[in-house]
Amino acid sequence: ICPYILFYLLSIIYTLVMDVIAVGVNNLSYDKYLSYLVQMFLAQGSSKSVNAPLWFVPCLLMVEILYYFISKLNVRKIVLTCAILVFVGWLIESGKLPFDNTLLPWSLDSALFALGFLALGNLCSEHIKKLFKTINLYKHKLLICFLVFAVFISATIFLGLLNGKVSLGSKI
């Protein structure tokens, strides 16, 4: 979290300096910078941030904390717990509930949704390692790796075109 705070403060200082250069010290509205400081501690997504990409750091921290406790369960319970939390995150993100998701600190709404990706990667990691060990035994391993890569890239592009724009930080 230290790099998050450091880069957020540097972003506020940079914005302040650029505003001073643009409009002068006497024409500044300090409420804007106070709201940036408050948002640094609330961390409620990219739309309110002085440095939009930094929303990801507290979100990742929340995902890691959540998954730390969930990972202590057996595989079946991990899948079930993550599926429930991802569904709750999706409900919150979708706007289908009469609930203002901007009230949740540390991008918890996005973290619930993103938890599924971390869990999926973590649960599949051993199978992927086994796959690459198996591929390593074959003579044409470079060709096989290229084909596996091509299949995954093709699937990603195809699904991305079907899905449209996705942004956890902007709640889209």
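The dialogue below sets values against definitions.

Tutor: This is a predicted model, in which local features need pLDDT of at least 70 and side-chain atom pairs count only at pLDDT 80 or more, while totals for chains, interfaces and linings use all residues. Residues are numbered from 1 along each chain as its sequence is written, and side-chain values use heavy atoms, with hydrogens and water left out.

Student: Why is Asp19 called buried?

Tutor: Buried means under 20% relative accessible area, exposed over 50%, and partly exposed in between (1.4 Å probe, protein chains only); Asp19 has 18% relative accessibility, so Asp19 counts as buried.

Student: What makes the buried residues of H1 line one face of the helix?

Tutor: In H1, the buried residues are Tyr4, Tyr8, Ser11, Ile12, Thr15 and Asp19. Seen down the axis of H1, they fall within an arc of 100 degrees (taken from the directions from the helix axis to the C-beta atoms), so they line one face.

Student: How do you know that Lys32 forms a salt bridge with Asp19?

Tutor: A salt bridge is a side-chain nitrogen of Lys or Arg within 4 Å of a carboxyl oxygen of Asp or Glu, and the closest N and O atoms of Lys32 and Asp19 are 2.8 Å apart, so the pair qualifies. Lys32 lies in helix H2 and Asp19 in helix H1, so the pair ties together parts that are 13 residues apart in sequence.

Student: Why does Lys32 count as partly exposed?

Tutor: Lys32 has 31% relative accessibility, and therefore counts as partly exposed.

How values were computed: Helix = DSSP H or I, 4+ residues; strand = E, 2+ residues; numbered from the N terminus.
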